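Me: I would like to go through this model term by term and set each label against its cut-off. Please take the questions in turn.
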Amino acid sequence: MKKILSSLLIILLLNACGTNPTVVSGDDAQKLLTTQIATVVDVVPVTIQGKNSEVAAGAGAVLGGVAGRTTEGKYRELVTVAGAIFGAVIGYYAPVKLGEHNGFQYTLNLEKETKPLTVIQGSAGKDDTGFKVGQKVTIVFGKDAVRVLPTNLK
């Protein structure tokens with residue numbers, strides 16, 4: 001039973017991992033990506049929630065059902081079903097809280113554009129303080145995500 005619970009916890013934690021802008025998707029590696037240079041005009045710290053997980057819900061249902069099945073007595077089937085339902089609900093919603101991480105909402109002025117752009121991005125680590133107002137950054141448009149990274153361009 002301990003091994004099953006440990007496995008569920010590992011699945012939930014892996015599924016809930018935050019986004020780090022310095023980690024590149026394999027789909028974006030060795031491809032020509034569109035980029036733009038921008039200036040940071042506003043920075044707001046935010047908390048980014050994790051995402052619901054159907055995989056964790058399935059694992060939670062199995063674990064809850066197995067846990068319920070270990071009970072003895074007249075209502076064993078009822079406890080098993082209730083355990084499966086309860087496990088599924090917890091498994092589905094737990095990654096929302098477990099996957100919560102810090103990030104920043106950046107408002108950026110693109111060069112040669114009149115309207116600003118806003119991007120919400122996870123922090124690169126515990127000590128990340130975000131970009132500073134007035135800092136030049138590079139916006140990288142990947143296949144499934146947009147990343148804001150520091151630039152050396154003036």
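Me: What makes F131 count as buried?

Reply: This is a predicted model, in which local features need pLDDT of at least 70, side-chain atom pairs count only at pLDDT 80 or more, and totals for chains, interfaces and linings use all residues. Residues are numbered from 1 along each chain as its sequence is written, and side-chain values use heavy atoms, with hydrogens and water left out. Buried means under 20% relative accessible area, exposed over 50%, and partly exposed in between, with a 1.4 Å probe and protein chains only. F131 has a relative accessible area of 11%, so F131 is buried. By the same cut-off Y106, at 2% relative accessibility, counts as buried, and of the 154 residues of the protein, 31% count as buried.

Me: Why is the pair of Y106 and F131 called tilted?

Reply: Rings of Phe, Tyr and Trp (its six-membered ring) pair if their centres lie within 6.5 Å, and planes under 30 degrees apart count as stacked, over 60 as edge-to-face and the rest as tilted. The structure holds two aromatic pairs. In the pair of Y106 and F131 the centres are 5.0 Å apart and the planes make 50 degrees, hence the label tilted. This pair links distant parts of the chain, since Y106 sits in strand β2 (residues 101–110) and F131 in the loop between β3 (117–122) and β4 (136–141), 25 residues apart. Together with F104, these two residues, Y106 and F131, form one aromatic cluster.

Me: How do you know that E111 and K136 form a salt bridge?

Reply: A salt bridge is a side-chain nitrogen of Lys or Arg within 4 Å of a carboxyl oxygen of Asp or Glu. The side chains of E111 and K136 meet at 3.2 Å, N to O, and are therefore a salt bridge under that definition. The structure holds one salt bridge, and its partners come from distant parts of the chain: E111 lies in the loop between β2 and β3, K136 in strand β4, 25 residues apart. In general, side chains of opposite charge can pair when their charged atoms come close.

Me: Are E111 and K136 buried, exposed or partly exposed, and what are their values?

Reply: E111 has a relative accessible area of 39%, so E111 is partly exposed; K136, with 25%, is partly exposed as well.

Me: What makes β3 and β5 the edges of the sheet?

Reply: Strands (E, at least two residues) and helices (H or I, at least four) are DSSP runs, numbered from the N terminus, and two strands pair if DSSP finds at least two bridges between them. The five strands form an open sheet in the order β3-β2-β1-β4-β5, with antiparallel pairing. In that order β3 and β5 (146–150) each have a single partner strand, so one side of each is left without a neighbour in the sheet.

Me: How do you know that β1 pairs with both β2 and β4?

Reply: Strand β1 (residues 34–48) and β4 are joined over six bridges in the antiparallel sense, while β1 and β2 pair over ten bridges, also antiparallel; with at least two bridges required, both count as paired. As examples, T39 stands opposite K136 in β4, and D42 stands opposite T107 in β2. For β2 and β3 there are six bridges, again antiparallel, and the bridge partner of Q105 is I120 in β3.
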